[in-house]
Amino acid sequence: MRIPSHKQVYIELGTSVFIGTLIAVLLDPQSFTSWEGIGRVWPSWLISVLYAFALGYGNTYLDHYLDRIIPWIDQPLKRLVVGILAMFTYSSVVILAILFVFIKIIFEPRCECNVPWSSYLDNMYLPLIITVGMTTFLTSRGFLLDWRQAAIETEQLKRAHIASQYESLKNQINPHFLFNSLNALTNLVYEDQDQAALFIRKLAEVYRYVLDTQDKEVVSLSDELAAVRSFVFLHKIRFEDNLQVDIQISEDENLMLPPLSLQMLVENAIKHNEISTEYPLHIWIVREGEHIAVKNNLQRKNAKEYSSGLGLQNIKSRYGHLSQLTVEIMEDLQSFTVKLPLLKLSVS
């Protein structure tokens, strides 16, 4: 939870002094016409300032804290109930504490009397009414702000998803990809017609998967792996044993991730690294705890192809909108690794 700065505390304290003074003036304006009246009314002024600061600042801080641990969008009913109970409980305790200090230290010594506990309850009504209004305001404000932020993030996610789909489609239908695929298919038609037919089916599966997932935020791990295997098959026809892709993952329908994320990482590794008999490219796709790691040996091309960087950036952006989990990127002299968090399917 973020700790307020000194400036924020001073501003809140100044606001409380202003509100306390305003309340004291409205309740007894004639007392402020003389020094004697001010001396008589200052305890009431002080308790008003304490109420304004403790209830205003405390409830606002409590509201921000509850927003962090119980988001409105995720659990609206729980957030409403917990918010009302927490603010009411906090306000009651603070009001009683201020009344106790005020009565025992200031009022009773001056009047030389004992104030009954019923008077404490009588003096709680007005501050609690103010607290109810404050709680209603903060609750409504928190809900509206979270709803607005959720709408903004949803729109950002849609844009990132569209951009990601565009990047994936662009990578696959660019002239180089089509030329290489058709060239490989032409050779297969003469050499192995059965393999050529399989190549066509795999190519169709890749494009169908792109089209089927264009409106989805997440897909199952098993569906993503099936699409990656088809994608790898197409490249294996071209590079043969110079491209080695080792997938060591048990499929799980309850684990999810953004569509085309694995395919993009494999595509990036193939596009940006040299692949030859002398320098074969190895790609590993493995499960590491709650992550899928895509790792390749690093052998950058001398003449680097242009990269917009949209692919990896959009994967990170989509994860940013889907969860609190982050994509991990690691690079050293020998390898390049990207770890994608696995998202668990929530069953309601």
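**Helix H7**

I looked up the buried residues of H7 and found Ala196, Phe199, Leu203, Val206, Tyr209 and Val210. Buried means under 20% relative accessible area, exposed over 50%, and partly exposed in between, with a 1.4 Å probe and protein chains only. Seen down the axis of H7, the buried residues fall within an arc of 150°, so they line one face of the helix. The arc is taken from the directions from the helix axis to the C-beta atoms. On the other side of H7, I noted Gln193, Asp194 and Leu211 as exposed.

This is a predicted model, in which local features need pLDDT of at least 70 and side-chain atom pairs count only at pLDDT 80 or more, while totals for chains, interfaces and linings use all residues. Residues are numbered from 1 along each chain as its sequence is written, and side-chain values use heavy atoms, with hydrogens and water left out.

I then checked the length of H7 (residues 193–212): at 1.5 Å a residue its 20 residues should span 28 Å, and the end C-alpha atoms are 28 Å apart, which agrees. The expected span is 1.5 Å times one less than the number of residues. Helices (H or I, at least four residues) and strands (E, at least two) are DSSP runs, numbered from the N terminus.

At the N-terminal end of H7 I found a cap, Asp192, with a side-chain oxygen 3.2 Å from the backbone nitrogen of Asp194.

**Salt bridges**

I searched the whole structure and got three salt bridges. The term covers a side-chain nitrogen of Lys or Arg within 4 Å of a carboxyl oxygen of Asp or Glu.

Lys202 pairs with Glu205, and their closest N and O atoms are 3.9 Å apart. I placed both in helix H7, three residues apart, about one turn of the helix. Lys202 counts as partly exposed at 21% relative accessibility, and Glu205 counts as partly exposed at 29%.

Lys339 and Glu288 meet at 2.9 Å, N to O, in a salt bridge. This pair links distant parts of the chain, with Lys339 in strand S7 (residues 335–341) and Glu288 in strand S4 (residues 281–288), 51 residues apart. I read Lys339 as buried, at 19% relative accessibility, whereas Glu288 is partly exposed at 37%.

Glu331 and Arg300 form a salt bridge at 3.5 Å, N to O. Here too I noted a link between distant parts of the chain: Glu331 is in strand S6 (residues 328–331), and Arg300 is in the loop between strand S5 (291–297) and helix H10 (310–322), 31 residues away. Arg300 is partly exposed, at 36%.

Methods. A polar contact is a pair of N or O atoms within 3.5 Å; within protein, one must be able to donate a hydrogen and the other to accept it, and residues adjacent in sequence count only if both atoms are side-chain atoms.
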